[in-house]
Amino acid sequence: MTTRLADIAAQAGVSEATVSRVLNGKPGVAATTRQSVLAALDVLGYERPVRLRQRSEGLVGLITPELENPIFPALAQVIGQALTRQGYTPVLATQTPGGSTEDELTEMLVDRGVAGIIYVSGLHADTTADMQRYERLRAQGVPFVLVDGFSPLVQAPFISPDDRAAMTLAVTHLVSLGHTRIGLALGPKRFVPVQRKIEGFVRAVQDQLGLGAQAVESELVQHSLYTLEGGQAAASALIDRGCTAVVCASDMMALGAIRAARQRGLEVPTDFSVVGFDDSPLIAFTDPPLTTVRKPVPAMGQAAVRTLLEEIGGTPAPHSEFVFMPELVVRGSTASAPHALRAS
């Protein structure tokens, strides 16, 4: 027990006496200190004493598209931790092709009496989807918040990154490096974040390179899938059209774009520059480290939880969209434009 107290005290940066007071539920310990001791217990893998376990205020559902793209687990972790801190128990429900649909997962969560639901990149982002499903959910009295996507037809709070601004950051960076033929690789056009990225990209290329909107969209925008293979296919098509740089709508696509360039015998970034989007975990350690537009995941996740808890507490946010500014992170996958692309 003494060894354990010493370990916990060292991890939390407090005295053994303080650890003892927290573990025995004694008063006179600051809330932040108490939290540090509990965090130290968790980090070291010790079980919390029963009296210190938080009673659940209820379940909150979190529905994400899939977990293969590392940005979704990163967002789920932020949301899960924020919910736990407020006494709620997060329930992660993941859609997979051929698995449960968003509607089935919603029904399952509602049947289990969840206090509310957070949707990430759900059908609310698909302009072809029927938005009545969310009105039906509202009629059932279930509070919800929608992340990544927007619909004027749904009376709910939305949390989004500024996709247009993200594209301006990426294009401005590449233009400053001397690139004049910049491509955009992204997912299917029916999704709201895709449409906003195209708007931002077209406007930035028009403003900074003087190209016409129609020419930009027909020649420099390539739709594909949000996967490594999708990025590879899109970048390949853009290289064929003479692009010396590509902005990708996800880091996974950007890794595919690097692969496409290498298959053509092009060096990244000497011959071909690549910009990602998200700044997913571990993306700083790729070869080369990826220049990317960082999605403000911690701020977005915390805002989603705060907004949902206000809805649950009976003070709903107005039908509005909270938009968070992304930030450009320059690493090793972008460089000055080559004078001429080597023949592949």
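**Group meeting: a parallel sheet and a helix pair**

Let me start at one pair of residues: Pro 161 stands opposite Phe 324 in β11. This is a predicted model, so please keep that in mind throughout. Pro 161 belongs to strand β5, residues 158-161, and β5 is joined to β11 by four bridges, with the two strands running parallel.

That pairing is part of a wider arrangement. Six strands form an open sheet, and their order is β2-β1-β3-β4-β5-β11. The pairing in this sheet is parallel. Which strands stand at the edges? They are β2, residues 89-94, and β11, residues 321-324. Each has a single partner strand, so one side of each is left without a neighbour in the sheet. On average, neighbouring strands of the sheet are turned by 20° against each other, direction ignored.

Now to strand β3, residues 116-120. In the order of the sheet, β3 sits between β1 and β4. With β1, residues 59-64, β3 pairs in the parallel sense over four bridges. In that pairing, Val 60 stands opposite Gly 116 of β3. How does the chain cross from β3 to β4? The path goes through helix α6, residues 132-139, and this β-α-β crossover is right-handed.

Is β3 mostly covered or uncovered? It is mostly covered, with five of its five residues buried. The burial applies to both faces of the strand. One side carries Gly 116, Ile 118 and Val 120, the other carries Ile 117 and Tyr 119, and all of these are buried.

The last item is a pair of helices. Two packed helices are described by the angle between their axes and the distance between the axes. For helix α4, residues 71-85, and helix α12, residues 297-312, the axes come within 9 Å and cross at roughly 45°. That makes α4 oblique to α12. The crossing of the two is right-handed. Which residues make the contact? From α4 they are Ile 71, Ala 74, Leu 75, Val 78, Ile 79, Ala 82 and Leu 83. From α12 they are Val 297, Pro 298, Gly 301, Gln 302, Val 305 and Leu 309.

To recap: there is an open six-stranded sheet with parallel pairing, a strand β3 that is covered on both faces, and a right-handed crossing of α4 and α12.

Definitions and conventions
Residues are numbered from 1 along each chain as its sequence is written. This is a predicted model: local features need pLDDT of at least 70, side-chain atom pairs count only at pLDDT 80 or more; totals for chains, interfaces and linings use all residues. Side-chain values use heavy atoms; hydrogens and water are left out. Buried means under 20% relative accessible area, exposed over 50%, partly exposed in between (1.4 Å probe, protein chains only). Two strands pair if DSSP finds at least two bridges between them. A crossover is right-handed if, with the strands pointing away from the viewer, the path from the first strand over the helix to the second runs clockwise. Axes are lines fitted to C-alpha atoms, for helices over the stretch in contact, and angles run from 0 to 180 degrees between N-to-C directions. Angles under 35 degrees count as roughly parallel, over 145 as roughly antiparallel, 65 to 115 as roughly perpendicular and the rest as oblique. A crossing is left-handed if the near helix is turned anticlockwise from the far one by less than a right angle, and right-handed if clockwise. Contact means heavy atoms within 4.5 Å.
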